[in-house]
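Here are some notes to read alongside the coordinates.

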Amino acid sequence: MKLVGIAGSVADQSYNRTLLKFMANHFSDTIDLELLDIQDIPMFNQSDDQTNSEAIQYLSRKIRQADGVIIATPEHNHTITASLKSVIEWLSFKIHPLSGKPVMIVGASYYDQGSSRAQLNLRQILEAPGVDATVMPGNEFLLGEVKTAFDDQNNLKDPKTVGFLKTTLTKFVTFVGVINQMNAKAAADDWQSEDLNATGHVATTIDGVDMHAADWVEQAAKKTGAAEGQDYVKLDRGVLTVDQLNYFLNSMPMELTFADANNQFIYYNHNADAADMLAARTPAQAGNPMADCHPKRAIPHVQQVIHMLRTGQTKLFKLPVPGNGPEKYIMHYYQAMHDQQGDYQGINEYVLDLMPIVKYYLEHTGQVLAKDPTAKADAVTGASAKAATPEPDSVTGASADSEPKPAPTTPAVDSISGASANE
Amino acid sequence: MQKFIAIAGTNSDQSTNRQLLQFMQTHFADQAQIDLVEIKALPMFNKPADKQVPAAVKTIAAQIDQADGVIISTPEYDHAAPAVLMNALEWLSYHIHPFVDKPVMIIGASYGSLGTSRAQAHLRQILDSPELRARIMPSSEFLLGHSLQAFDDQGQLIDQQKLAKLAGLFADFQTFVTITTQLKHANAANQQEVRDFDWDNL
C-alpha cells in the first residue's frame, strides 16, 4: 500500500518527522510510506496564486497518486502550525488532491498532551468542503513527552506505544482499502467524461487545422513549420534527423500509435498499408479525434481504458484480439505516457503478434504447448473464452494485467471491439 | 483616548476584513485611535534554532505592547483562521509575549453567510493558549456575512442593524479594556511564567 507522510513542520528539528520516519522504517512490511517535505511551500496568498509552482504541484501529484496520507502534526498555540495550514490552503484553493483521500492523523509534542488540540483542529480543517479529506475516525495517536520518546537510533522506546501505533496503522490500512473501494464505486462512471471527440485543447494541440482532413499531417506540418527530412531533432538522449527518426520507428517490430492527452490520434509508424497491418490504419486517419477511429459500440470501452490510464488506475492495459486463428496471437498494449513531472501526456499503443516469439521460444527450448489442466480459461482462444470469469487469469480477459482492475460496473471489453480495432 | 492596534488576518490585496477595519478606523475616529497593522511581510515561522525573532515581528510586538487593546478581523479558510494569521501569532508568542493579558476583540467578514464563525472560534482557542494568554472579550461575536455587498462606494457599512451591533460591541470593548486593567492580579505571575518558558528544558 502506497502512502505519503507529511510532517506539519518546517523546523529543522522536528519530532513529528522523526515519528513518520520511524513508521516508514518499522512498518515497511505493511506500508510503503514516502515522506513529503513542505519546506518549499510558500505562505498561502490568494492574491499571488502559486498553485502551478513545482513545489505545490509535486506535493499534489504525490498525494493524488498515493492510496492514503498520514499527517503528523505538532501543536503550536493550541492549533496546528501555520506552515501546515498554509499547505492545506494551497491544496484546497484551485486544486483538491485531498478530496476523498483517506487520512490518518498522528502527532507528537513536548508536553504530555501529544498535540491533542492540534489533531482535533486538523480534523475540522480536513473536513472543510474545499479540502474534503476522509479522516479515519477515532484511533488518536498522541505521542507526548517526545523529547524522551526515541532512542539513539530514532526508534520509539516504549513497546506498548509501538504496539498501539501498529494497531492503529493496521486499522488505517483497512480503512484505506474500504474508502478507496467506495471512491472507486462512486467514480465508476467518471470514464464517461472522456471526450473522444477531442474538443478540448492541450498545449500541443495544433489549432486551425481540421482534425478530419485527409491531409491533416501535411496541413499541420505546414502550420507549425515542422522539421522534416534532414532536419535534426534533439531528443532525450540523442540527436537524429527526421528521416532517421522515421527509419527507426518504422523498423520497430510492432505497430505504434500516439494519441495525445486531448484524445487526438496524431501519429502511427506507417510501415505498411492498412491491409497488411495487424490493426489497420490509413494515412488519412492521422489527426482524427479518437471517436473517428472506432466503431460506435466500442466507444465506451475506449473511454474506460483511456480514463484508467489518464487517472493512473493502471499504467499499462493489455488486450488480446482473438479471431486470427492459431497462427497469430495479436496483443494490443496501451501504455500511459507522462512528462517528467508525471503529468499525463497521452497513450502509446503498440500492437504485436506474440506467436513468432512463442514459436521461437518453443523451438529453442524443445517444448510444446499443452493445456494447463488447472487453467480456468482456454489458454488459446483468449479474451472471449470466459469473459465472465471473475478472476482474470494470466491469459484471458481484458482486465488481466491491469492493476487495479477496472471498476466493478465496467463491462468486460468484448472480443472484437479492442480499443483500437478499426472496422 | 484609547489606542488600538487592528490586524486584518490576511495577506490578500483585496480583503473585506481589511475594509471592515478601515471602516471602524474612520467611523469610530472620535472615540478611539485605531492603527492598522499588516502581517503580510512576515516569514514562515520555523522555530529558528538561534531564537531570533525577525525585526518586522518585533515592530508589531512593540505596537501591541503600547496599545490598549487589539482588534483582529479574521477571514475563514477551511473552517479555520488563515495560515498567515496563525503564522503571525506563532511569531508573536516565540520568546516575545505582547499578547499576555492584552484585551482583544475578534470580528470577521466573509463572502458567504456564516461570517467566519468557525474561524473566530478557532482564533479564540489560539489566543487562549499559554504562550499568548490574551484577554479575549467574552460572549461577543461580530459576523459580517455577504461582505462583498456590505459596503457602499464610500466604504460605509450599509446595513444599519449591523452597524448598530458593531457600534455596541466596540463600546463594550472600550469598557472591557478599562475593566481589564483591573483583571491583573495574575499578571505578574503570567509574565513570569512566559518569561521562564524554556523550549530546551521541557
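## Notes on the A–B interface and the charged residues

1. Let's begin with the interface. Chain A and chain B bury about 2800 Å² between them, and carbon and sulfur atoms give 54% of that area. Three residues, Met43(A), Asn77(A) and Tyr110(A), supply 23% of what chain A buries against chain B, more than any other three residues. Please keep in mind that this is a predicted model, so every value here is computed from predicted coordinates.

2. In terms of contacts, 33 residues of chain A meet 35 residues of chain B. How many salt bridges does the rule find across the interface of chain A and chain B? The number is zero. Polar contacts are there, however: 18 residue pairs between chain A and chain B, with both residues at pLDDT 80 or more.

3. Which elements of chain A give two or more residues to the side that touches chain B? They are α3 (82–90) and α4 (116–126) of chain A. The helix α3(A) gives the most, with six residues. Sorted by class, this side of chain A has 15 nonpolar, 13 polar and five charged residues.

4. The helix α4(A) deserves a look of its own. Eight of its eleven residues are buried, so α4(A) is largely enclosed by the rest of the structure. The buried residues are Ser116(A), Ala118(A), Gln119(A), Asn121(A), Leu122(A), Arg123(A), Ile125(A) and Leu126(A). Their cover includes β3 (68–73), α3, β4 (102–108), β5 (134–135) and β6 (141–143) of chain A, together with α4 of chain B.

5. Glu90(B) is one to inspect on your screen. This residue is found in helix α3 (residues 83–91) of chain B. Glu90(B) is buried yet has no salt bridge, and the nearest side chain of opposite charge, Lys47(B), is 7.9 Å away. What lies 2.6 Å from a polar atom of the Glu90(B) side chain? The backbone nitrogen of Ala82(A) does. Leaving out residues up to four places away in sequence, Glu90(B) touches His76(A), Asn77(A), Thr81(A), Ala82(A) and Phe45(B).

6. Glu131(B) can be read next to it. Glu131(B) sits in the loop between α4 (117–127) and β5 of chain B. Glu131(B) is buried and has no salt bridge; Arg133(B), the nearest side chain of opposite charge, is 6.7 Å away. Apart from neighbours within four places in sequence, Glu131(B) is in contact with Asn77(A), Ser93(B), His97(B) and Phe197(B). Asn77(A) is also among the residues that Glu90(B) touches.

7. Now to the charged pairs. Side chains of opposite charge can pair when their charged atoms come close. Over all chains the count comes to 15 salt bridges. One of them joins Lys359(A) and Glu327(A), at 2.6 Å from N to O. This pair links distant parts of the chain, 32 residues apart: Lys359(A) is in helix α9 (residues 355–365) of chain A, while Glu327(A) is in the loop between β11 (316–321) and β12 (330–338) of chain A. Lys359(A) is partly exposed, with a relative accessible area of 39%.

8. In chain B, Lys40(B) and Asp13(B) meet in a salt bridge at 3.2 Å, N to O. Lys40(B) lies in the loop between β2 (32–37) and α2 (55–66), and Asp13(B) in the loop between β1 (2–8) and α1 (16–27), so the pair ties together parts of chain B that are 27 residues apart in sequence. Lys40(B) is partly exposed at 43% relative accessible area, and Asp13(B) is partly exposed at 47%.

9. Asp101(B) and Arg135(B) form another salt bridge, at 3.5 Å from N to O. Asp101(B) lies in the loop between α3 and β4 (103–109) of chain B and Arg135(B) in strand β5 (residues 135–136) of chain B, so this pair ties together parts that are 34 residues apart in sequence. Is Asp101(B) buried or exposed? At 4% relative accessibility, Asp101(B) counts as buried, whereas Arg135(B) is partly exposed at 26%.

10. Last, chain A as a whole. Chain A has nine helices and 13 strands, and 46% of its 423 residues count as buried. Among contacts in chain A with a separation of 6 or more, 65% come from residues 24 or more positions apart. Chain A also holds a network of salt bridges that links Lys2(A), Asp32(A), Glu34(A) and Lys62(A).

How values were computed:
Residues numbered from 1 in each chain as written. Chains lettered and ligands numbered in written order. Predicted model: local features only at pLDDT ≥ 70, side-chain atom pairs only at ≥ 80, totals over all residues. Heavy atoms only, no water. Contact = heavy atoms within 4.5 Å. Buried area = accessible area lost by both parts, 1.4 Å probe. Salt bridge = Lys/Arg side-chain N within 4 Å of Asp/Glu carboxyl O. Polar contact = N/O pair within 3.5 Å; in protein donor to acceptor, adjacent residues only side chain to side chain. Helix = DSSP H or I, 4+ residues; strand = E, 2+ residues; numbered from the N terminus. Nonpolar A, V, L, I, M, F, W, Y, C, P; charged D, E, K, R; others polar. Buried < 20%, exposed > 50% of the residue type's maximum accessible area, 1.4 Å probe, protein only. Lys, Arg positive; Asp, Glu negative; His and termini not counted.
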